[in-house]
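Visitor: Could you walk me through one part of this protein in some detail? I'd like a close look at how a pair of neighbouring elements sit against each other, and at what joins them.

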Amino acid sequence: MKNLGKISVIVLFLLSIFVGSFTVYSISKVQSYGTLINYLGIVRGATQRLVKLELQQQPHDELIAYIDDIIYDLKNTDGKYGLEKFPMLIISSSFPPSIHYGIG
C-alpha cells in the first residue's frame with residue numbers, strides 16, 4: 001500500500017510538471033500571435049491613413065517608409081521590429097510589390 005502511495009505522488013508530480021510546461025508553451029504562442037495581430041493592425045491603420053493623405057494630395061513619405069519597414073519585418077528575419085518569428089507567414093513574396101500596395 002505504501003508503495004502505491006509513493007507511485008501516485010510521483011505520477012501526480014510528473015503530470016503537474018507536464019501540464020505546467022504545456023501551459024507556459026501555450027501562453028507563449030498566444031503572446032506571439034498577439035504581437036503579429038498588433039503589427040498587422042498597425043499596417044492596416046497606417047495604410048488607411050496613407051490612402052487618405054494621398055487622396056488629399058498630401059504625400060507622406062515617412063509613413064510609407066514605416067509601413068515598408070513593418071512589411072519587410074514580417075517577410076524577413078532581420079528587420080527593425082524583431083518580428084523574426086513570422087517570416088513569410090502573412091505576405092507571400094511571390095506577389096509583385098504592386099499587388100501589396102494596390103498599385104496598378
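Predicted model: local features only at pLDDT ≥ 70, side-chain atom pairs only at ≥ 80, totals over all residues.

Guide: Happy to. As for contacts between residues with a separation of 6 or more, 35% of them link residues 24 or more positions apart.

Now to the pair you asked about. Helix α1 covers residues 2–55 and helix α2 covers residues 61–75. The two pack at an angle of about 150 degrees, and their axes are 10 Å apart. An angle over 145 degrees counts as roughly antiparallel, and therefore α1 and α2 are roughly antiparallel to each other. Their crossing is left-handed.

Who does the touching? On the α1 side, the residues that meet α2 are Leu36, Tyr39, Leu40, Ile42, Val43, Ala46, Thr47, Arg49, Leu50, Leu53 and Glu54. On the α2 side, they are Leu63, Ile64, Tyr66, Ile67, Ile70, Ile71 and Leu74. Sort the residues of this contact by class and you get 15 nonpolar, one polar and two charged.

Leu53 sits in helix α1. With a relative accessible area of 7%, Leu53 is buried, because the cut-off for that label is under 20%. If you leave aside neighbours within four places in sequence, Leu53 is in contact with Gln58, His60 and Leu63. Leu63 is also among the α2 residues that meet α1.

Across the way is Ile64, which belongs to helix α2. Ile64 has 29% relative accessibility, so it counts as partly exposed. Not counting residues up to four places away in sequence, Ile64 touches Leu50 and Glu54, and both of these are on the α1 list above.

What about the joint? Gln57 lies in the loop between α1 and α2. Its backbone is worth a click: phi of Gln57 is near 60 degrees, a positive value in a residue other than glycine. Gln57 is also exposed, with a relative accessible area of 68%.

One last stop is Asp73, which is in helix α2. Asp73 is a charged residue by class, and with a relative accessible area of 1% it is buried. Setting aside neighbours within four places in sequence, Asp73 contacts Asp78, Gly79, Lys80, Tyr81, Gly82 and Leu83.

To put the pieces back together: α1 and α2 are roughly antiparallel, 15 of the residues in their contact are nonpolar, and an exposed Gln57 sits in the loop between them.

Note on methods:
Residues numbered from 1 in each chain as written. Heavy atoms only, no water. Axes fitted to C-alpha atoms, helices over the stretch in contact; angles between N-to-C directions. Helix = DSSP H or I, 4+ residues; strand = E, 2+ residues; numbered from the N terminus. Parallel < 35°, antiparallel > 145°, perpendicular 65-115°, else oblique. Left-handed = near helix turned anticlockwise from the far one by under 90°. Contact = heavy atoms within 4.5 Å. Buried < 20%, exposed > 50% of the residue type's maximum accessible area, 1.4 Å probe, protein only.
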